[in-house]
Amino acid sequence: MLQVGITGGIGSGKSTVCQVFNTLGIPVFKADDAAKYLMSHDEALIEQIKALLGNESYHGLVPDRQKIGAIIFNDPQKLQQINALVHPATVSYYKNWLIQQKAPYVLKEAAIFFESGTAQEIELMIGVYAPAPLRIDRVLKRGPMTRERAESIMNQQMNDEEKMKLCDYVIVNDDKTPVIPQVLHLHATLLHKAK
Ligand code: ADP
C-alpha cells in the first residue's frame, strides 16, 4: 500500500484538502487526532505522561489540556519528552490502522512531519500551501483561537515556503487557485504510482 503524507502549517487547509481526497475513497489517518485519542485512552501512555508531568496533569483518564499546554509551551524539553512518549504510541496505532485499509493508497495527515523527523516513514509527501496572513485569518475564523496563540503555533512550525520545497507535490490553497482540479489531478497521479 502506497503511503502518502500530507502536511502544511496550521490553517493551510490540510484537513479541508483531506476531505476532498476522502470523498474520492482515500482513507485519511489524522496523526494529531490519533495522538489526542491515545492521550485519553491508552492507559500505559497515560501513566508515562503522568510520571513526566505530574499526577495533576490528568483527572482519571482525562488529560487537563490547559495544565499540560501551560507546561509544554513554556518548556521545550518537556515538549520533546512528551513527543517522545506519544510518537511511538501513534506509530503503532497507525500501523494497526494501515493493515485494515483497502485502498490503492492512504493519506497520513500531520502538521509537523519534517519538524518531528517522521517524514522518513512516508513514501511521497504532499504539501498544502497558503500564505501566512491568510492562514491566520482562517484559524481565527475557525475559532476558538487568539491571534497571539495562532502566531505562536506558526512560529514553532517550519516556515511553509521552506516546507513546500521538501514536498513531492504542492497543492496551492490560497483562495485564488481552484483546489478540486488540483486534487483530482494528483489523485490520478497517485493512483498511477500505486499500481
Ligand atoms: P489545517 O487543517 O491545515 O489547520 P483547515 O483545513 O482546518 O486547516 O482549514 C482552516 C480553515 O480554513 C477551516 O475553517 C476551513 O474550512 C477553511 N478553509 C480551508 N481551505 C479553504 C478553501 N479553499 N476555501 C474556503 N475555506 C477554506
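Biologist: Which domains does the lining of the largest pocket draw on?
Modeller: Domain 1 (1-27 + 103-195) and domain 2 (33-100) each give at least three residues to the lining; the bounds come from an automatic or database domain assignment. This is a predicted model, in which local features need pLDDT of at least 70 and side-chain atom pairs count only at pLDDT 80 or more, while totals for chains, interfaces and linings use all residues. Residues are numbered from 1 along each chain as its sequence is written, and side-chain values use heavy atoms, with hydrogens and water left out.

Biologist: What counts as a pocket here, and as lining?
Modeller: On a 1 Å grid over the protein atoms alone, a pocket is an open set of points where a 1.4 Å probe fits, with protein on both sides within 12 Å along at least five of seven lines. Lining residues have an atom within 4 Å of a point.

Biologist: How much space is in the largest one?
Modeller: About 2,100 Å³, taken as the space filled by probe spheres set on the points, which are joined across faces, edges and corners. The lining has 50 residues, and Asp32, Lys36, Ala111, Ile112 and Gln157 lie nearest the centre.

Biologist: Where does the largest share of that lining come from?
Modeller: From helix H5, with 8 residues. Helices (H or I, at least four residues) and strands (E, at least two) are DSSP runs, numbered from the N terminus.

Biologist: And how do the lining residues divide by class?
Modeller: Into 21 nonpolar, 16 polar and 13 charged. Ala, Val, Leu, Ile, Met, Phe, Trp, Tyr, Cys and Pro count as nonpolar, Asp, Glu, Lys and Arg as charged, and the others, Gly among them, as polar.

Biologist: Back to the domains. How many residues are in contact between them?
Modeller: 10 residues of domain 1 are in contact with 7 of domain 2, contact being heavy atoms within 4.5 Å. The domain centres, taken over C-alpha atoms, are 23 Å apart.

Biologist: What order do the strands of the sheet have?
Modeller: The order is E2-E5-E1-E6-E7, in an open sheet of 5 strands with parallel pairing. Two strands pair if DSSP finds at least two bridges between them.

Biologist: Which strands stand at the edges?
Modeller: E2 (28-30) and E7 (169-172); each has a single partner strand, so one side of each has no neighbour in the sheet.

Biologist: Over how many bridges do E1 and E6 pair?
Modeller: Over 4, with E1 covering residues 2-7 and E6 residues 124-129. Val4 stands opposite Leu124 in E6.

Biologist: What does helix H1 touch on the sheet?
Modeller: H1 (residues 14-23) touches E1, E2, E5 (105-109), E6 and E7, and its direction makes about 165° with that of E5. Axes are lines fitted to C-alpha atoms, for helices over the stretch in contact, and angles run from 0 to 180 degrees between N-to-C directions. Helix H2 (residues 31-41) also packs on the sheet, touching E2 and E5.

Biologist: Which peptide bond is cis?
Modeller: The one joining Gly143 and Pro144, with omega about -15°. Pro144 is in the loop between H7 and H8.

Biologist: And what is the phi of Asp175?
Modeller: About 70°, which is positive, although Asp175 is not a glycine. Most residues other than glycine have a negative phi.
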